[in-house]
Amino acid sequence: MSKQENEVVQQKKPTITVVGQTPIEIALGIDFDGKTTAKKLYEFLELNPGNYSRWIKSNILENPFAEKNVDYWGFDIDVEGKEVRSSLRKSEKYQPNPTQDFKLSANFAKKLSMQGKTERAEQARDYFIAVEGKLKEVAAEARKAKIDKLTITSRELTILAKERR
């Protein structure tokens with residue numbers, strides 16, 4: 001491929017817009033519907049690939065705090081990674097042993113990432129703690145600004161009252 005052809009190919013690569021997403025949502029590959037997959041989360045957490053089925057069972061299917069069709073939606077994928085069958089419709093193509101995956105809501109994926117015991121899960125917890133700390137700072141600044149505005153308004157009322165006398 002010539003240099004010009006290579007430049008044209010590189011220019012045609014699709015770009016993904018992640019405006020309004022947090023770094024953790026970007027890392028989890030949260031889509032436009034606000035969902036990721038269990039496989040993406042599992043890979044993000046850098047868990048042992050051989051334990052995926054057990055992890056699914058204990059963290060999603062048997063999770064007493066997870067609600068099917070609210071927090072997660074099951075589907076089967078073929079060997080090429082394409083969705084084959086939703087848990088809600090008939091099989092579109094026969095596959096004797098499809099791989100099971102789940103769409104996860106962003107909030108549920110975040111909860112699962114925080115309960116992990118890996119370095120990546122610790123990074124997720126640290127991130128959420130930092131975000132909470134920043135939110136507290138912003139809230140405190142907003143309260144102070146509101147109090148300052150009320151104080152100014154109170155002073156203005158006092159001045160107006162004196163002027164009317």
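Mentor: A residue counts as buried when its relative accessible area is under 20%, as exposed when it is over 50%, and as partly exposed in between. The model to which this is applied here is a predicted one.

Trainee: In what order do the elements of the protein run from the N terminus on?
Mentor: The protein has six helices and four strands. From the N terminus on, these elements follow the order α-α-β-α-α-β-β-β-α-α.

Trainee: What percentage of the residues in the protein is buried?
Mentor: The protein exposes about 12500 Å², of which carbon and sulfur atoms supply 55%. Of its 165 residues, the buried ones make up 25%.

Trainee: Are the rings of Tyr-72 and Phe-102 stacked or edge-to-face?
Mentor: The structure holds five aromatic pairs. In the pair of Tyr-72 and Phe-102, the ring centres are 5.7 Å apart and the planes stand at 75°. Planes over 60 degrees apart meet the criterion, so this pair is edge-to-face.

Trainee: How many residues apart in sequence are the parts that the pair of Tyr-72 and Phe-102 ties together?
Mentor: Tyr-72 lies in strand β2 (residues 72–77), whereas Phe-102 lies in strand β4 (residues 99–105). The pair therefore ties together parts whose separation in sequence is 30 residues.

Trainee: What is the angle between the ring planes of Tyr-127 and Phe-128?
Mentor: These two residues form an aromatic pair with a centre-to-centre distance of 5.3 Å. Tyr-127 is partly exposed at 23% relative accessible area, while Phe-128 counts as buried at 18%. The pair is edge-to-face, and the angle between its planes is 65°.

Trainee: Which residue has a ring that lies under Lys-39?
Mentor: Ring pairs link Tyr-42, Tyr-52 and Trp-55 into a cluster. Elsewhere, the charged end of Lys-35 sits over the ring of Trp-73, 4.7 Å from its centre. Lys-39 lies 3.9 Å from a ring centre, over the face of Tyr-52.

Trainee: Which residue is joined to Lys-110 by a polar contact of the side chains?
Mentor: Lys-110 is found in helix α5 and counts as buried, at 14% relative accessibility. Beyond residues up to four places away in sequence, Lys-110 touches residues including Ile-24 and Phe-128. The polar contact, 3.1 Å in length, joins the side chain of Lys-110 to that of Glu-25.

Trainee: What distance does helix α6 reach from its first C-alpha to its last?
Mentor: Helix α6 covers residues 119–164, which is 46 residues. At 1.5 Å a residue, a span of 68 Å is expected. The model comes close to that, with a reach of 67 Å.

Trainee: Which helices are among what covers the buried residues of α6?
Mentor: In α6, the buried residues include Ala-121, Ala-124 and Phe-128. An α-helix has 3.6 residues a turn, so residues three or four places apart point the same way. What covers the buried residues of α6 includes helices α2 (23–27) and α5 (106–115).

Trainee: How far apart in space are Tyr-72 and Thr-37, C-alpha to C-alpha?
Mentor: Leaving aside neighbours within four places in sequence, the contacts of Tyr-72 include Ile-60, Leu-61, Leu-104 and Phe-108. Thr-37 is 35 residues away from Tyr-72 in sequence. In space, their C-alpha atoms are separated by 8.8 Å.

How values were computed: Residues numbered from 1 in each chain as written. Predicted model: local features only at pLDDT ≥ 70, side-chain atom pairs only at ≥ 80, totals over all residues. Heavy atoms only, no water. Helix = DSSP H or I, 4+ residues; strand = E, 2+ residues; numbered from the N terminus. Expected span 1.5 Å × (residues − 1). Buried < 20%, exposed > 50% of the residue type's maximum accessible area, 1.4 Å probe, protein only. Contact = heavy atoms within 4.5 Å. Areas by Shrake-Rupley, 256 points an atom, 1.4 Å probe, with all protein chains shown as cover. Phe/Tyr/Trp six-rings, centres within 6.5 Å; stacked < 30°, edge-to-face > 60°. Lys NZ or Arg CZ within 6 Å of the ring centre and 35° of its normal. Polar contact = N/O pair within 3.5 Å; in protein donor to acceptor, adjacent residues only side chain to side chain.
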